[in-house]
Amino acid sequence: MDKAAESAALNAEIVEMLYANNRRSLMAAIVVMAALLLTQLHLINSSILIIWSVIFLSAYGSRGYLTFKYYRDQRRTLHSMHWLQWFRFNTGFCGLAWGLAGILLFPEAAPANQAFLIFALVGVSGAGIIIYSVDSFTSNLFTGGIVVFMIPRFLTHGTSVSIALAVLFIVYVIYVSVAGNALAKSLRENISLRIASNLDNKKVHQLAYYDFLTELPNRRLLSDRLQQAFVRCARGQCHGAVLSLDLNNFKGLNDSMGHQAGDELLQQVAARLQQCLRKKDTIARMGGDEFIAVLDELGCDKAEAIRAAQVTAEKMMAVFSQPFQLQQSKYRTTPSIGICLFHSDDYSEEEVLRRADIAMYQAKKSDNLNSIQMYDELLHPAIEMRATLENDLAFALQGNQLLLYFQVQVDETHRPIGAEVLLRWQHPTLGMIPPDQFIPIAEETGEIVPIGHWVLQQACRQLKQWAEAPLTRTLTLSVNVSAVQFNQPDFVEIVSDTVLGSGCDPRLLQLELTESLMVRNVEEIIIKIQALKALGMTFSLDDFGTGQSSLSVLKRLPLDELKIDKSFIKDIQHNAYDSFIVETIINMAKNLGQTVIAEGVEMQQQQALLQTMGCRLFQGYLYSRPLPLAEFESSLHTGLVHSRSQQSRLAPEDKAKTKKRQKASPTAEF
């Protein structure tokens with residue numbers, strides 16, 4: 001439990017108790033004052049009575065004003081120590097006023113009136129000790145003021161009876177003070193136990209309904225608030241909205257600056273987002289870097305509600321215009337926001353949140369990173385499909401749904417020299433999923449890392465098996481490596497262990513990299529390539545010509561092969577520009593000491609033209625489609641590759657499949 005919070009709550013409650021008794025003690029003090037004035041009126045000079053009355057009324061008048069100001073303070077629990085200091089000061093003043101009564105109202109010639117004065121002050125002291133017992137310092141100030149001023153007067157000018165009463169008064173004060181301290185201790189312990197119980201209950205409530213990091217409502221409280229919003233909007237026939245906000249590249253921040261910086265960013269984002277909403281709206285953290293806002297009762301007109309939701313989204317977007325201060329450095333980030341309207345309690349919570357999330361995903365996929373997107377029914381099927389694939393892909397590997405296909409690579413005599421390993425996904429209900437649909441998802445979710453490792457393991461195992469047969473023992477296997485996979489810190493170690501553990505010949509394994517990898521941290525890329533080349537592996541730059549790598553970077557990379565992208569091969573016979581680019585790539589590779597392979601070769605005429613330019617290695621539908629392992633090995637034994645290479649054109653069905661492949665992204669060949 002938070003000891004500071006417990007102490008603050010205890011102080012606040014003690015101060016509240018002290019001020020709560022002020023009204024009753026003030027009335028009692030005025031009654032005693034009036035009684036003293038009446039009994040001593042004919043014995044004490046009127047001017048002295050007036051002086052004491054002024055002092056007394058000043059003390060208790062200031063107490064009344066102090067009590068009034070205390071209860072006007074709406075945040076008095078936060079200012080409890082301030083109000084306690086003022087109360088102590090005033091209590092000392094009141095004790096002084098009563099002590100002066102023992103001096104100024106002391107009748108030397110009237111023992112009976114002396115006794116009455118003593119009894120009056122004894123009663124006031126006892127009452128004060130009990131009332132102020134919760135704060136010993138306050139109690140001592142009050143009784144001390146009475147005793148210090150009163151006792152010397154009685155001891156020096158009182159009768160024997162008065163002196164005896166004064167001594168008894170001292171004994172009484174000591175006794176009551178001791179009893180009061182015991183009472184105060186017991187009272188404080190009870191208050192502390194109750195406060196501790198309340199704080200524990202609050203802590204349990206906080207943990208149950210609020211996010212521990214940002215102190216925003218969590219998913220459970222959001223659900224309750226959303227249900228309430230449904231009911232209110234249904235009752236008022238008006239619209240509400242759910243906004244889903246996600247930070248762009250939050251994972252990159254965690255990877256580069258650490259999770260502590262990520263936590264600091266989330267806390268600052270939460271504080272800024274709260275400023276954008278009305279009191280009746282809710283902003284919650286769903287987990288990670290995702291925030292959900294529920295906007296209640298935006299208006300009965302749908303267009304008006306849409307405008308109101310967009311205005312709020314723009315306010316939320318605007319708070320990201322200023323950088324965040326993280327660990328002695330400034331950091332900028334942008335969000336993507338999706339909006340979904342709701343109108344009545346007919347909507348389900350899950351559906352509204354899902355639609356807002358779909359809209360947010362569309363915003364994130366737009367060209368403008370800091371984008372706001374309304375949910376669109378027309379996009380729903382495509383997003384539904386992606387969500388399904390994203391969810392199912394996490395189980396594809398362990399469910400043995402991933403398959404390897406092999407596409408042959410040949411030399412200019414049509415002799416098979418190797419194959420490229422291509423990944424396919426046999427979905428249990430959706431059938432065969434093309435690589436261009438699931439590979440980008442795998443890269444975004446990180447699933448590409450275990451999948452890529454599995455592909456490498458299977459390729460190495462296959463090379464080991466092929467080494468036993470004369471027909472396949474010299475074949476190489478090209479394995480695509482995703483940029484996400486390559487950038488893993490333990491990439492070199494994993495590849496080395498996998499290759500060496502399989503017992504295959506590393507010289508027959510070629511890793512294909514994409515140009516998108518080359519725009520980042522070239523020195524680190526070179527180190528990793530050289531470490532693996534030391535084991536005998538070779539490296540190919542896949543889909544060359546479509547990326548952003550510069551010649552200055554390319555000449556530094558220890559690559560063994562350039563792979564000309566099929567988009568240049570497609571129209572090489574009819575497009576002089578493509579023909580020029582291909583010839584330039586071939587000549588450049590020769591000057592860099594690298595081999596060249598052309599992929600996407602469909603016709604004999606394309607191969608012939610490539611040969612005249614100096615290209616000696618080929619891959620494409622002219623030679624074979626990507627085939628399952630059994631069919632691939634069968635084609636090698638039956639010479640299907642050679643016979644197919646004699647055809648000048650593909651069959652219509654193969655042409656259709658080729659066009660479909662040409663639409664795939666570079667990593668879709670994984």
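A pocket is an open set of grid points, where a 1.4 Å probe fits, with protein on both sides within 12 Å along at least five of seven lines. In this predicted model, the largest pocket holds about 1900 Å³ of space. Its lining counts 42 residues. Closest to the centre are Lys-251, Lys-364, Glu-443, Glu-444 and Thr-445. By class, the lining divides into 14 nonpolar, 11 polar and 17 charged residues.

Several elements build this lining. Those that give two or more residues are the strands β1 (239-247), β2 (282-287) and β3 (290-299), together with the helices α9 (250-257), α12, α13 (380-396), α14 (435-445) and α16 (483-486). Helix α12 supplies the largest share, eight residues.

Helix α12 also packs against another helix. Two packed helices are described by the angle between their axes and the distance between the axes. Here the partners are α8 (residues 219-236) and α12 (residues 349-365). Their axes come within 11 Å and cross at roughly 100 degrees. Angles of 65 to 115 degrees count as roughly perpendicular, so α8 is roughly perpendicular to α12. On the α8 side, the contact is made by Leu-222, Ser-223, Leu-226, Gln-227 and Phe-230. On the α12 side, Glu-349, Val-352 and Leu-353 take part. The contact has five nonpolar, two polar and one charged residues.

Just after α14, Gly-446 takes a positive phi of about 90 degrees.

At the level of the whole chain, there are 25 helices and 17 strands. The chain has 670 residues, and buried residues make up 49% of them. Among contacts between residues at least 6 apart in sequence, 71% join residues at least 24 apart.

One pair illustrates such separation in sequence. Met-17 lies in helix α1 (residues 3-20). Tyr-132 is 115 residues from Met-17 in sequence, yet their C-alpha atoms are 9.0 Å apart in space. Met-17 has a relative accessibility of 27% and therefore counts as partly exposed.

Terms used. Residues are numbered from 1 along each chain as its sequence is written. This is a predicted model: local features need pLDDT of at least 70, side-chain atom pairs count only at pLDDT 80 or more; totals for chains, interfaces and linings use all residues. Side-chain values use heavy atoms; hydrogens and water are left out. Axes are lines fitted to C-alpha atoms, for helices over the stretch in contact, and angles run from 0 to 180 degrees between N-to-C directions. Helices (H or I, at least four residues) and strands (E, at least two) are DSSP runs, numbered from the N terminus. Angles under 35 degrees count as roughly parallel, over 145 as roughly antiparallel, 65 to 115 as roughly perpendicular and the rest as oblique. Contact means heavy atoms within 4.5 Å. Ala, Val, Leu, Ile, Met, Phe, Trp, Tyr, Cys and Pro count as nonpolar, Asp, Glu, Lys and Arg as charged, and the others, Gly among them, as polar. On a 1 Å grid over the protein atoms alone, a cavity is a set of points where a 1.4 Å probe fits but cannot get out, and a pocket is an open set with protein on both sides within 12 Å along at least five of seven lines; lining residues have an atom within 4 Å of a point. Grid points are joined across faces, edges and corners, and a volume is the space filled by probe spheres set on the points. Buried means under 20% relative accessible area, exposed over 50%, partly exposed in between (1.4 Å probe, protein chains only).
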